Amino acid sequence: MNPQTLAIFFAANPAAIACELTSVRGSSPREQGTFMVVGPTQTLGTIGGGALEYMVIEHARRLIADGRAEEAMDVPLGPEIGQCCGGRVNVALRFADEAVRSDLLARAAAEDASLPHVYLFGAGHVGRVLSEILSLMPVKLEVIDTRQEELDLLPPTIARNRVAMPEAIVRAAPAGSSFVILTHDHALDFLIAGEALARDDAPYVGMVGSATKRAKFSSWYLEQGGSRAALTRLILPIGAQGLGDKRPAVIAALAAAEIMVHVGSREASAGQVSASSKVGVTSGI
């Protein structure tokens, strides 16, 4: 959960209830420690949706209306509530006083700081759609381009950076960063990809293109002294998935799924599943 979004929610909802899964047994849509916050008319986050979440929101708003500070719920996720997960959860509902708000904001900030970085090079047609999808994912996204007019077309909430030498961004990126390459210039694509493949800590290095582009890049990369082992880590074309669909939105959707699989696999193999798996990221009004 974005800490700025949470702070805005608290400012708009002086009376709010924090709802947290304190115990999870068996199958559940979310993990222990997941929380959401509920105001009189707004919610932020999710503890799994469905009948469980509907019940929790209803209870939270009853607490607000009655002026009560807390309540505990023990909910079987079965036919009794119209769900078929088969597990059981305990939910703690607490009035979000100053101490609770400080705790949740600190947790959200820690989650945000731990998010894996994804650098998307190129704010063209595919890049813009892909950036909008990735902005909803538990990653720290930054879009890089040499063209300010293309960056200006991005939604204002997406971080962007206009630089003359995008390949330098790769060298300075934090450990474990992923790189998605979709610029308007094939030569620039090659430079960025070459820098990205020089790092062995990137979960994902992908480039938009075709089989022909891959062949040309491979030839160039090996001539520059690149290794065949590193070359196998390059995903080109991105978002193919055997469909061959060239529509920007389809490529972007498939590429986003592809990126998240690689990022998630790296985190899981390192035993560092992001705290974002425990904190809701959707909101409703």
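This is a predicted model: local features need pLDDT of at least 70, side-chain atom pairs count only at pLDDT 80 or more; totals for chains, interfaces and linings use all residues.

Analyst: Within α8, the buried residues are Lys213, Phe217, Ser218 and Tyr221. Viewed down the helix axis, the buried residues of α8 fall within an arc of 135°, so they line one face of the helix. The other side of α8 carries exposed residues, namely Ala211, Thr212, Lys216 and Glu223. As for what the buried residues of α8 pack against, the partners are α7 (186–197), β10 (205–207), α9 (228–231) and β11 (234–235). After the helix comes glycine 225, which has a positive phi, near 95°.

Helix α7, one of these packing partners, also takes part in a salt bridge, in which the side chains of glutamate 195 and arginine 171 meet at 2.6 Å, N to O. Because glutamate 195 lies in helix α7 and arginine 171 in helix α6 (residues 167–172), the pair ties together parts that are 24 residues apart in sequence. Glutamate 195 has a relative accessible area of 22%, so this residue counts as partly exposed.

The structure holds 12 salt bridges, and a few others can be described in the same terms. Glutamate 150 forms a salt bridge with arginine 128, where the closest N and O atoms are 2.7 Å apart. This pair links distant parts of the chain, with glutamate 150 in helix α5 (residues 148–151) and arginine 128 in helix α4 (residues 125–134), 22 residues apart. Both glutamate 150 and arginine 128 are buried. Arginine 68 forms a salt bridge with aspartate 66, with 3.7 Å between the closest N and O atoms. Arginine 68 counts as partly exposed because its relative accessibility is 36%, and aspartate 66 is likewise partly exposed, with a relative accessible area of 48%.

Turning to the annotated region, the unreviewed UniProt entry lists residues 16–70 as "domain: XdhC- CoxI". In the model, the end C-alpha atoms of residues 16–70 lie 11 Å apart, and the span is 31% helix and 29% strand. Glutamine 42 sits in the loop between β2 (35–38) and β3 (43–44), and with a relative accessible area of 23% glutamine 42 is partly exposed. Its C-alpha atom is separated by 9.2 Å from that of alanine 16, although glutamine 42 and alanine 16 are 26 residues apart along the chain.

Finally, on confidence, the protein chain averages a pLDDT of 88, and 90% of the residues score at least 70. Confidence is highest in strand β9 (residues 178–181), at a mean of 98, and lowest in strand β12 (residues 283–284), at 35. Over residues 273–285 the pLDDT is below 50, and this stretch has 44 contacts in the model beyond near neighbours in sequence.

Terms used. Residues are numbered from 1 along each chain as its sequence is written. Side-chain values use heavy atoms; hydrogens and water are left out. pLDDT is the predictor's confidence in each residue, from 0 to 100. Helices (H or I, at least four residues) and strands (E, at least two) are DSSP runs, numbered from the N terminus. Contact means heavy atoms within 4.5 Å. UniProt positions are given in the numbering used here, feature names are shortened, and annotations may be inferred rather than shown by experiment. Buried means under 20% relative accessible area, exposed over 50%, partly exposed in between (1.4 Å probe, protein chains only). The arc is that of the directions from the helix axis to the C-beta atoms. A salt bridge is a side-chain nitrogen of Lys or Arg within 4 Å of a carboxyl oxygen of Asp or Glu.
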